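Could you walk me through this model in my viewer? I would like to know what to select next and what I will find there.

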Protein chains: 2
Amino acid sequence: MKPIGMIHSPYQNAEDMPIQGKFRKDAEAWIELKEEYAPGLKDLHEFSHAIVIYHFHKSQREGVEGKPFLEQNKHGIFAIRSPHRPNHIGFSVVKINKIVNNCLYFSEVDMFDGTPVLDIKPYVKYFDCRDDAVSGWLEKHFLDGNPPSDVIINPTQSR
Amino acid sequence: MKPIGMIHSPYQNAEDMPIQGKFRKDAEAWIELKEEYAPGLKDLHEFSHAIVIYHFHKSQREGVEGKPFLEQNKHGIFAIRSPHRPNHIGFSVVKINKIVNNCLYFSEVDMFDGTPVLDIKPYVKYFDCRDDAVSGWLEKHFLDGNPPSDVIINPTQSR
């Protein structure tokens with residue numbers, strides 16, 4: 001695995017960052033791809049969203065269980081989205097704003113500045129959307145379909 | 001990066017495999033996690049779907065452009081879902097059927113038998129679903145929201 005580029009993000013520390021980019025629409029970031037990968041972005045501007053796969057480079061630990069930001073209960077690491085996981089692979093759906101040369105500008109940001117990027121894929125609603133999905137322990141926190149207001153900003157201890 | 005487990009799938013070769021698991025509901029596969037990761041599955045059975053991140057281990061090449069299965073036009077590698085991509089990272093949303101010890105049984109399968117697994121995440125519709133997403137060059141192939149009938153089985157040359 002090699003980084004194909006790096007994320008330039010307004011988030012330097014966890015206090016400022018939303019738990020998921022979708023919950024804070026105003027922030028913008030960009031992926032600066034290595035020059036040799038720039039042709040790989042051809043036609044991606046016709047998509048509204050992209051999947052970004054990256055390295056949780058700030059995580060120094062790895063567990064098989066963890067506490068998510070929303071509650072004090074422990075869950076298996078594969079039932080939460082914590083960065084402190086085997087292989088430290090991050091996954092986000094982001095909104096594409098524009099693509100200029102080797103840079104992809106996006107909103108719905110939940111990555112730290114300096115994050116190494118491993119892959120970018122087009123988000124295809126026909127493949128990737130499961131609007132009838134049941135979301136386990138998270139359901140009780142989204143009773144009206146919206147996140148609890150206190151998760152718009154991520155509490156420090158959660159990441 | 002290390003494999004955390006392996007996929008046991010009915011698909012040994014590309015001719016039999018759907019282009020996306022969602023287009024063939026009947027097949028079942030399972031992830032056999034290494035024993036030490038079994039506690040990481042705790043509570044995942046309460047979710048209907050999971051995100052599986054894996055290694056496209058059969059791909060022997062890497063391009064910055066490629067032709068997708070649905071058409072003859074070339075697109076940037078980050079605008080298609082081809083396995084022949086930098087870092088060879090695969091991503092699928094799968095339907096969880098059951099979890100027994102260190103094994104996760106799932107349907108909506110589009111991975112080869114023997115695929116190394118890198119991560120499993122809970123699919124959370126509140127984070128991951130974008131039902132208003134625009135899907136670029138793919139839109140013309142899904143005019144009524146359904147895939148063209150000839151993509152239910154994946155043509156040989158496409159993977």
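Start by selecting A:Cys129 and B:Cys129: a disulfide joins the two, with 2.1 Å from S to S. This is a predicted model, and a search of the whole structure finds 1 disulfide over all chains. The link crosses between chains, and on each side its cysteine sits in the segment after helix H1 (125-128), in chain A and in chain B. Look along the S-S bond of A:Cys129 and B:Cys129 and you have a right-handed link, at 80 degrees. Both A:Cys129 and B:Cys129 are buried.

Next, color the two chains separately and show what touches what. Here 66 residues of chain A are in contact with 66 residues of chain B. About 6500 Å² is buried between chain A and chain B, and carbon and sulfur atoms give 59% of that area. Now pick A:Phe78, A:Tyr126 and A:Arg130, which supply 14% of the area that chain A buries against chain B, more than any other three residues.

For the charged side of the story, select A:Asp119 and B:Arg85, whose side chains meet in a salt bridge at 2.9 Å, N to O. Across the interface of chain A and chain B there are 8 salt bridges, and 42 residue pairs are in polar contact, both partners at pLDDT 80 or more.

Switch to cartoon view and find strand E8 (116-122) of chain A, one of the elements that supply at least two residues of the side touching chain B. The largest share, 5 residues, comes from E8(A). Finally, color that side of chain A by residue type: 36 nonpolar, 11 polar and 19 charged.

Methods. Residues numbered from 1 in each chain as written. Chains lettered and ligands numbered in written order. Predicted model: local features only at pLDDT ≥ 70, side-chain atom pairs only at ≥ 80, totals over all residues. Heavy atoms only, no water. Disulfide = S-S within 2.5 Å. Helix = DSSP H or I, 4+ residues; strand = E, 2+ residues; numbered from the N terminus. Buried < 20%, exposed > 50% of the residue type's maximum accessible area, 1.4 Å probe, protein only. Contact = heavy atoms within 4.5 Å. Buried area = accessible area lost by both parts, 1.4 Å probe. Salt bridge = Lys/Arg side-chain N within 4 Å of Asp/Glu carboxyl O. Polar contact = N/O pair within 3.5 Å; in protein donor to acceptor, adjacent residues only side chain to side chain. Nonpolar A, V, L, I, M, F, W, Y, C, P; charged D, E, K, R; others polar.
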